[in-house]
Amino acid sequence: MAEWIVHALARLREQTADWKQQGLRVGVVPTMGALHAGHLSLVEAARRDCDRVITTIFVNPTQFGPGEDLDRYPRTLERDAELVGDDGRTLIYAPAADSIYPPGFSTYIEPPAVARRWEGARRPGHFRGVTTVVLKLLLRTAADAAYFGAKDFQQAAVIRRMVADLDVPTEIRVEPTVRDPDGLALSSRNAYLSPRERERALGLSRALGTAADLVAAGERHVATIEAAMRGALEAVGVDEIDYAVVVDADSLEPASELPPEAVALIAARVGATWLIDNQRLRARPLHA
Ligand code: AMP
């Protein structure tokens with residue numbers, strides 16, 4: 001395998017030390033692989049802002065709960081490497097699981113309060129795994145900037161808070177969600193959907209569109225917006241709704257009136273696949 005795909009920590013450290021000595025700005029894009037255009041938009045953003053880019057590919061076992069899809073999560077390293085492309089300043093770091101979690105590993109991050117609801121409640125332990133692996137990857141890569149997708153809105157909020165609370169000297173950048181032309185947010189888990197399930201999965205982006213339309217029309221009552229989102233999800237026949245809510249975009253806490261900075265968050269199951277999506281909602285000031 002080509003030299004720009006690195007598995008060993010010692011080799012990664014050698015490379016990043018060399019870059020630092022040259023005064024180069026290093027960006028990191030943490031991923032679990034099975035890359036799609038959403039991931040690649042993060043790589044492009046990092047290439048724009050940084051001199052060197054590290055794309056990490058690691059299916060992190062500690063962020064999966066019992067009975068989740070850890071075993072069947074797609075692993076496609078060679079194809080991922082091709083998609084990222086060797087431009088001479090991008091490195092792929094794909095550590096082995098026992099490098100990240102060697103025997104005796106037992107220290108975890110306690111996630112911040114913003115991790116408590118929504119995905120944190122639906123997937124107990126998930127954000128503990130995410131924060132722990134992201135902190136390790138930030139330390140291993142010593143990156144100046146790290147790139148995350150708005151697709152995982154709560155994850156980005158959790159990481160921002162962790163980095164601020166623990167004085168991690170890495171700038172956190174959050175890039176817009178990349179969607180298929182029909183609105184479906186790209187996700188490695190979309191590969192699990194049958195063609196008919198994929199149709200039903202469009203319910204998530206449609207429900208978010210309904211919420212945005214209502215806000216644009218002047219609706220400020222959160223319960224009304226949430227009921228319309230549920231209606232849109234039920235209309236396409238999603239199999240289960242875990243949450244379809246409008247919350248404060250910073251704290252992710254519920255509110256009864258639309259907060260000035262709001263976000264609509266959805267988690268819904270289609271067949272056996274849990275999907276999440278979100279959209280920022282901004283009320284235009286009402287003119288007298
Ligand atoms: P994952 O491989 O699913 O852990 O995702 C790795 C990174 O890619 C995370 O920061 C995600 O938020 C981001 N990401 C996943 N899907 C998208 C998308 N459709 N658009 C933008 N970023 C995404």
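Predicted model: local features only at pLDDT ≥ 70, side-chain atom pairs only at ≥ 80, totals over all residues.
**Figure 1. Arg47 and Glu44 sit together in helix H2, three residues apart, which is about one turn of the helix.** Arg47 and Glu44 form a salt bridge, and their closest N and O atoms are 3.0 Å apart. Glu44, with a relative accessible area of 38%, is partly exposed.

**Figure 2. A salt bridge joins Asp69 to Arg189.** Here the closest N and O atoms lie 2.7 Å from each other. Asp69 is found in the loop between strand E3 (52–57) and helix H3 (77–84), while Arg189 belongs to the loop between strand E6 (171–175) and helix H8 (195–216), so this pair ties together parts that are 120 residues apart in sequence. Asp69 and Arg189 are both buried.

**Figure 3. Arg282 and Glu261 meet through their side chains in a salt bridge.** The N to O distance in this view is 3.3 Å. Arg282 lies in the segment after strand E9 (273–281), and Glu261 in the loop between strand E7 (240–248) and strand E8 (262–270), so the two tie together parts that are 21 residues apart in sequence. Arg282 is exposed, as its relative accessible area is 53%. Glu261 counts as partly exposed at 34% relative accessibility.

**Figure 4. Salt bridges link Arg25, Asp49, Glu171 and Arg173 in a network.** With this view we step back from single pairs. How many salt bridges are there in the model? The count comes to 21.

**Figure 5. Six strands form an open sheet with parallel pairing.** To follow the sheet across, trace the strands in the order E1-E4-E3-E2-E5-E6. Which strands are at the edges? They are strand E1 (5–6) and E6, each of which pairs on one side only. Further in, E2 and E5 run parallel and are joined by two bridges. One place to look is Gly27, whose bridge partner in E5 is Ala145.

**Figure 6. The ligand is surrounded by 17 residues.** The closest of them are His39, Gly149, Asp152, Val178 and Leu186. Which parts of the fold each supply at least two residues of this shell? They are strand E2 (26–31), helix H2 (37–49) and strand E5 (145–149). H2, the helix that holds Arg47 and Glu44, gives the largest share of the shell, with three residues. By residue type, the shell divides into eight nonpolar, seven polar and two charged residues.

Technical notes: Residues numbered from 1 in each chain as written. Heavy atoms only, no water. Near = heavy atom within 4 Å. Helix = DSSP H or I, 4+ residues; strand = E, 2+ residues; numbered from the N terminus. Nonpolar A, V, L, I, M, F, W, Y, C, P; charged D, E, K, R; others polar. Salt bridge = Lys/Arg side-chain N within 4 Å of Asp/Glu carboxyl O. Buried < 20%, exposed > 50% of the residue type's maximum accessible area, 1.4 Å probe, protein only. Pairing = 2+ DSSP bridges.
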